[in-house]
Amino acid sequence: MPAQGKHRRPKSVSLGRGIAAVTTGGAVLALPVLGATAASAAPAHSVAAEKAVAPVSVTAQADSVTKAAPTKHSVVSGETLSKIAREYSVSGGWKKLYEGNRKAVGENPNLIHPGITLTIGAKGAVPSDAKAPKAAAPSADRTATAERADRSERTTAAPAAQAAAAPATYTNDLDGWIKESLAVMAQHGIPGSYEGIHRNIIRESSGNPNAINNWDSNAVKGTPSKGLLQVIDPTFQAYHVPGTSTDSYDPVANITAACNYAADRYGSIDNVFGAY
């Protein structure tokens with residue numbers, strides 16, 4: 001009978017796959033380690049560990065789905081869209097929140113009523129009924145009236161605009177000269193009337209723009225009176241009105257300068273009834 005081998009308590013050996021070698025006589029038995037000590041603990045990345053991770057991952061995914069799902073919020077007194085958007089960290093702020101709840105809120109995002117329910121995370125599609133209403137077509141009578149008024153306004157305004165744009169024209173006679181002189185006098189604030197100018201012209205020159213006095217004291221001094229209102233050259237030059245001719249025989253220049261002199265000396269050509 002072969003001698004029985006002595007049984008020894010095998011030493012725990014740390015193995016990569018959790019296997020311990022034990023000798024029994026001449027045979028070698030490979031046994032799984034059942035009560036591994038700290039020295040022979042299975043590596044952290046084990047099959048059991050991998051299985052344990054799976055439920056955690058699924059749970060996290062479920063939580064993510066839950067957070068992504070729309071949330072209902074009942075509005076209470078004192079709340080605003082901005083406040084609610086901040087509370088729920090809405091991406092896009094109150095505008096995004098309003099887009100998704102426009103039908104519930106109404107057309108005024110600044111006015112939300114307590115008790116309405118908002119959907120946090122709702123898609124921002126604008127409801128079809130929130131589109132701006134089309135302006136009502138004007139009635140045929142109103143359109144016709146507006147067209148007539150517009151046509152009447154254009155018809156009235158056109159002649160006025162043309163009259164304002166077209167320069168004034170004057171006849172080349174005594175009447176035209178007086179009227180043109182009055183227009184220049186009005187621009188420079190020189191007083192005088194058509195009647196006062198006409199009366200003095202008839203007395204001074206009988207309406208002859210080339211009239212000249214060669215016999216009075218002024219003529220003796222070498223400065224004869226000239227033109228429609230018989231003005232001597234020194235007076236004409238002193239009271240010449242800018243924009244008119246510098247020729248003392250020019251009818252408009254002569255009348256305007258004489259009236260300017262009369263206004264300075266007598267207050268107006270209307271106050272002159274004799275030699276001046």
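Helix H6 (residues 174-188) packs against helix H7 (residues 194-205) at an angle of about 130 degrees, and their axes lie 10 Å apart. That angle makes H6 oblique to H7. Angles under 35 degrees count as roughly parallel, over 145 as roughly antiparallel, 65 to 115 as roughly perpendicular, and the rest as oblique. Axes are lines fitted to C-alpha atoms, for helices over the stretch in contact, and angles run from 0 to 180 degrees between N-to-C directions. Helices are DSSP runs of H or I with at least four residues, numbered from the N terminus.

This is a predicted model: local features need pLDDT of at least 70, side-chain atom pairs count only at pLDDT 80 or more, and totals for chains, interfaces and linings use all residues. Residues are numbered from 1 along each chain as its sequence is written, and side-chain values use heavy atoms, with hydrogens and water left out.

Which residues of H6 and H7 meet? From H6 come Leu174, Asp175, Ile178, Lys179, Leu182 and Met185. From H7 come Tyr194, Ile197, His198, Ile201 and Ile202. Contact here means heavy atoms within 4.5 Å. By class, this contact of H6 with H7 has 8 nonpolar, 1 polar and 2 charged residues. Ala, Val, Leu, Ile, Met, Phe, Trp, Tyr, Cys and Pro count as nonpolar, Asp, Glu, Lys and Arg as charged, and the others, Gly among them, as polar.

Now move to the loop between helix H9 (233-239) and helix H10 (251-266), where His240 lies. His240 counts as partly exposed because its relative accessibility is 23%. Buried means under 20% relative accessible area, exposed over 50%, and partly exposed in between (1.4 Å probe, protein chains only). The side chain of His240 reaches the backbone oxygen of Ser245 at 3.0 Å. His240 and Ala257 are 17 residues apart along the chain, yet their C-alpha atoms are separated by 4.8 Å.

Thr244 lies in the loop between H9 and H10. Thr244 is buried, because its relative accessible area is 12%. Its side chain reaches the backbone oxygen of Val241 at 2.6 Å. Not counting residues up to four places away in sequence, Thr244 touches Val184, Ala253 and Thr256.

Ser248 is found in the loop between H9 and H10 as well. Is Ser248 buried or exposed? At 5% relative accessibility, Ser248 counts as buried. Its side chain makes a polar contact with the side chain of Asp233 (3.3 Å). A polar contact is a pair of N or O atoms within 3.5 Å; within protein, one must be able to donate a hydrogen and the other to accept it, and residues adjacent in sequence count only if both atoms are side-chain atoms.

Methods. Helix = DSSP H or I, 4+ residues; strand = E, 2+ residues; numbered from the N terminus.
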